[in-house]
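Visitor: I have not looked at this structure before. Please take me through how to read it.

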Amino acid sequence: MGYVDLHLHTTASDGVMTPSEIVRYAKSKGLQAIAITDHDTIEGLEEGLLEGEKIGFEVVPGVEISAEYSPGSMHLLGYFLDIHDPLLKGNLDYLQKARAERNPKIIENLNRLGVRISYEEVVKASGGGQVGRPHFAQVLIEKGYVRSFQEAFDRFLKKGAPAYADKVRFKPEQAISFIKESGGVAVLAHPKTLGMNSTLQKILLELMEEGLKGIEVFYPEHNSLEVAQFKALAKRYGLLMTGGTDYHGIDKEELDIGVGRGEMRLPYSLVEELKEVRTRT
Ligand code: AMP
Ligand code: ZN
Ligand code: FE
Ligand code: FE
């Protein structure tokens, strides 16, 4: 059995490879399957699925929804969604509008801070897909305001930084509900970013009430202790374990698809288990 990567971004959101490119890249790296999980959009899935069929490579349709949560951040992954579901499309359209309202605010904030970049430049950096903060970071680097992607976030773009602007989000239960309604399996992404290890159990129980089926245990930013802790929680609550690299291709150059920073090897059985849970519900 081969290896898989169940958390990847394409040009449909803030990754650098097009859906076709990432499917071909995954195959060339010897993986057996991938999931495409762009932020708040499924625009890349049709192309990715088609390319998979063309070259004989398994692509799981997915999405990553940013939910309303504080003080950390909560992302929910949805796997095996029906990409033609009108309810799903409607909800994702709503999130596009939320972004369209937020993005100009980031520009205003940057301009106010004396940073001369325009929204047109950011749109150009996005290559026509959805505009996200990494595209602002890219322009900040290109124009010499910062030296690195991380510096762009730390000085300007991250939550709490001076150019940050929030956007309207769905509540976790709303996101889980529409993932479920469109035939998908809802999984809590990178639990570490909740920043609440002591109350993670309580949060998991609440989300399970809403239909959460799994947690992303294997993730490059999780240390071995955290992986063990998340594994134990998954076992205790009968949750699926998933994993992926969150490869974008820009922000973390030393990170690669399938292997993360070199140590990740996720068996295909993760996909089989996802499929099993999906048919059970
Ligand atoms: P957006 O969906 O437009 O708010 O952008 C979210 C993306 O920005 C994430 O998926 C990451 O790629 C990146 N990002 C968010 N916060 C940080 C951070 N503190 N440091 C580096 N990258 C970040
Ligand atoms: Zn991203
Ligand atoms: Fe995420
Ligand atoms: Fe991600």
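**Reading the metal sites**

Guide: Start with one residue: D14 is buried, at a relative accessible area of 7%. Buried means under 20% relative accessible area, exposed over 50%, and partly exposed in between (1.4 Å probe, protein chains only). This is a predicted model, in which local features need pLDDT of at least 70 and side-chain atom pairs count only at pLDDT 80 or more, while totals for chains, interfaces and linings use all residues. Residues are numbered from 1 along each chain as its sequence is written, chains are lettered from A and ligands numbered from 1 in the order in which they are written, and side-chain values use heavy atoms, leaving out hydrogens and water.

Visitor: Is H248 buried or exposed?

Guide: H248 is buried, with a relative accessible area of 7%. Contact means heavy atoms within 4.5 Å. Apart from neighbours within four places in sequence, H248 is in contact with H9, D14, G15, V16 and H39. Its side chain also reaches the backbone oxygen of D246 at 2.8 Å.

Visitor: What coordinates the iron ion (ligand 3)?

Guide: E64 (OE), H75 (ND1) and H190 (NE2) do, at 2.0 to 2.2 Å. Their spacing reads E-x10-H-x114-H. H75 lies in strand 4 (residues 74-79) and H190 in the loop between strand 5 (185-188) and helix 8 (200-210), so this pair ties together parts 115 residues apart in sequence. H75 counts as buried at 14% relative accessibility, and H190 does at 4%.

Visitor: Where is the iron ion (ligand 4), in relation to the iron ion (ligand 3)?

Guide: The two iron ions are 3.4 Å apart, and E64 coordinates both. From the zinc ion (ligand 2) to the iron ion (ligand 4), the separation is 4.9 Å.

Notes
Donors are N, O and S atoms within 2.8 Å of the metal (3.2 Å for Na, K and Ca); water is not among the atoms, so sites may look incomplete. A polar contact is a pair of N or O atoms within 3.5 Å; within protein, one must be able to donate a hydrogen and the other to accept it, and residues adjacent in sequence count only if both atoms are side-chain atoms. Helices (H or I, at least four residues) and strands (E, at least two) are DSSP runs, numbered from the N terminus.
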